[in-house]
Amino acid sequence: MGREVSESCVESLLTEMVSSYCNQFYANKPELAARRIEAIGYDVGHRLSERYTMERPRFSDHLEAIKFICKDFWSELFKKQIDNLKTNHRGTFVLQDNRFRWLSRMSIDPSPENTGLSQDSSVALAENKATQATNMYLYFPCGIIRGALSNLGIPCAVSADISNLPACSFVVRIKA
Amino acid sequence: MIVCVAVVGHQNNPLYIQSFTEADDALKLHHIVHCSLDVVDERVNNPKKAGPTLNETFLGLLYPTENYKVYGYLTNTKVKFILVTTDLDVRDADVRNFFRRFHAAYVDAVSNPFHVPGKKITSRTFAERVSTIVKSFGLSSAG
């Protein structure tokens with residue numbers, strides 16, 4: 001009975017949401033924009049977890065809930081599972097997706113804008129800017145994961161980090 | 001006949017409670033629902049007693065009183081559904097089926113972006129859907 005949503009619409013919506021928050025509402029306060037975007041993700045994750053856990057028994061421990069996020073939840077959202085799950089068995093989990101759908105069409109402007117600077121530093125500058133811009137797009141999925149886990153009774157903090165596009169890993173730290 | 005259904009949040013806060021009787025006994029039914037919360041807690045915290053139904057969402061018969069039978073259901077997100085009925089011989093399958101449909105209605109209600117999580121469910125659509133489910137309860141076994 002699943003309903004379908006156009007993938008390109010979702011991606012456009014995400015792009016527009018990030019750009020509205022970063023360039024219009026909170027143009028000079030990137031931290032505030034990030035917090036707002038994360039909060040929207042939290043709400044979405046909260047509701048989605050309610051729906052996707054409907055037909056299954058209750059989870060007995062944290063690992064089971066995390067596995068649910070990696071397998072079923074991720075499949076519902078991105079039509080694939082998380083590629084790699086690591087844990088230190090003390091409340092930190094690293095979820096790695098080798099081809100994160102929302103980053104798969106992300107590209108970095110190859111032409112360095114500032115001709116005044118030396119080649120190396122301008123490339124570094126451009127890369128730095130690109131990383132910052134890409135990071136903005138990861139607050140939403142981070143919020144989704146945090147919302148889903150908190151609704152399952154696991155308060156946590158989620159951060160993301162990009163190693164090389166479009167691979168991406170999410171670090172979940174469960175609060176004791 | 002189902003006389004009362006309730007949705008209770010993870011902090012035991014009431015999210016939705018509705019009685020289906022003509023008589024003025026809402027307070028009594030609320031009391032019964034309130035009492036059942038302790039039984040739910042007990043079931044969940046002592047999984048050994050629960051036996052084979054370990055971690056299942058359907059908790060089964062919570063406790064029988066003189067006039068009522070009280071059934072419980074606990075979702076993964078620690079939301080409790082309580083069902084109070086006057087029928088004496090209820091089939092487990094019917095109750096399971098009821099809770100499954102009730103859960104689906106609940107999920108649709110909380111997916112509404114205008115619903116604030118943790119607040120009471122005020123949706124009229126939800127109320128209508130619940131009363132339809134309540135009316136159709138047990139019809140399959142009777143007919």
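# Reading a predicted model

Student: How many C-beta neighbours does Asn12(B) have inside 10 Å?

Tutor: Asn12(B) has 13, so it counts as partly exposed. A residue is buried if 20 or more other C-beta atoms, placed from the backbone, lie within 10 Å of its own, exposed if 12 or fewer, and partly exposed in between. This is a predicted model: local features need pLDDT of at least 70, side-chain atom pairs count only at pLDDT 80 or more, and totals for chains, interfaces and linings use all residues. Residues are numbered from 1 along each chain as its sequence is written, while chains are lettered from A and ligands numbered from 1 in the order in which they are written.

Student: Where is the place of Asn12(B), and what is its phi near?

Tutor: Most residues other than glycine have a negative phi. Asn12(B) has a positive phi, near 60°. Its place is in the loop between β1 and β2 of chain B. Helices (H or I, at least four residues) and strands (E, at least two) are DSSP runs, numbered from the N terminus.

Student: What is the phi of His89(A)? Is His89(A) buried or exposed?

Tutor: The phi of His89(A) is positive, about 60°, although the residue is not a glycine. His89(A) sits in the loop between β1 (84-87) and β2 of chain A. It has 7 other C-beta atoms within 10 Å, so it is exposed.

Student: What is the mean pLDDT of chain A?

Tutor: pLDDT is the predictor's confidence in each residue, from 0 to 100. Chain A has a mean of 85, and 92% of its residues reach 70 or more. Among its elements, helix α4 (residues 119-136) of chain A has the lowest mean, 77. Helix α5 (residues 139-151) of chain A has the highest, 93. Where pLDDT is low, the predicted coordinates should not be read in detail.

Student: How many helices and strands are there in chain A, and in chain B?

Tutor: Chain A has five helices and four strands. Its order from the N terminus is α-α-α-β-β-α-α-β-β. Chain B has five helices and five strands. Its order is β-β-α-α-β-β-β-α-α-α.

Student: What radius of gyration does chain A have?

Tutor: Take the radius over C-alpha atoms; the globule rule is 2.2 Å times the number of residues to the power 0.38. For 176 residues, a compact globule would be near 16 Å, and chain A, at 17 Å, agrees. The C-alpha atoms of chain A fill a box of roughly 60 × 35 × 30 Å along the principal axes. For chain B, with 143 residues, the rule gives a value near 15 Å, and its 14 Å agrees. The C-alpha trace of chain B spans about 40 × 35 × 30 Å along its principal axes. Buried residues make up 26% of chain A and 31% of chain B.

Student: Which residues are buried in α1(B)?

Tutor: Start with the helix itself. Helix α1 (residues 26-45) of chain B has 20 residues and reaches 29 Å from first C-alpha to last, close to the expected 28 Å. The expected span is 1.5 Å times one less than the number of residues. Leu29(B), Ile32(B), Val33(B), Ser36(B) and Val40(B) are buried. Seen down the axis, they fall within an arc of 100°, so they line one face of α1(B). That arc uses the directions from the helix axis to the C-beta atoms. The face turned away carries the exposed residues Leu27(B), His31(B), Asp38(B), Glu42(B) and Asn45(B). The cover over the buried side includes β1 (2-8), β2 (14-19), β3 (58-64), β4 (69-74) and β5 (80-85) of chain B.

Student: Which residues is Val134(B) in contact with, leaving aside its neighbours within four places in sequence?

Tutor: A contact puts two C-beta atoms, placed from the backbone, within 7 Å. With those neighbours left aside, Val134(B) is in contact with Ile2(B), Val5(B) and Phe20(B). Val134(B) lies in helix α4 (residues 124-135) of chain B. It has 21 C-beta neighbours inside 10 Å, so it counts as buried.

Student: How many residues of chain B are in contact with chain A?

Tutor: 12 residues of chain B are in contact with 15 residues of chain A. Helix α3 (residues 92-110) of chain B gives the largest share of chain B's side, three residues. By class, that side has four nonpolar, six polar and two charged residues. Here Ala, Val, Leu, Ile, Met, Phe, Trp, Tyr, Cys and Pro count as nonpolar, Asp, Glu, Lys and Arg as charged, and the others, Gly among them, as polar.
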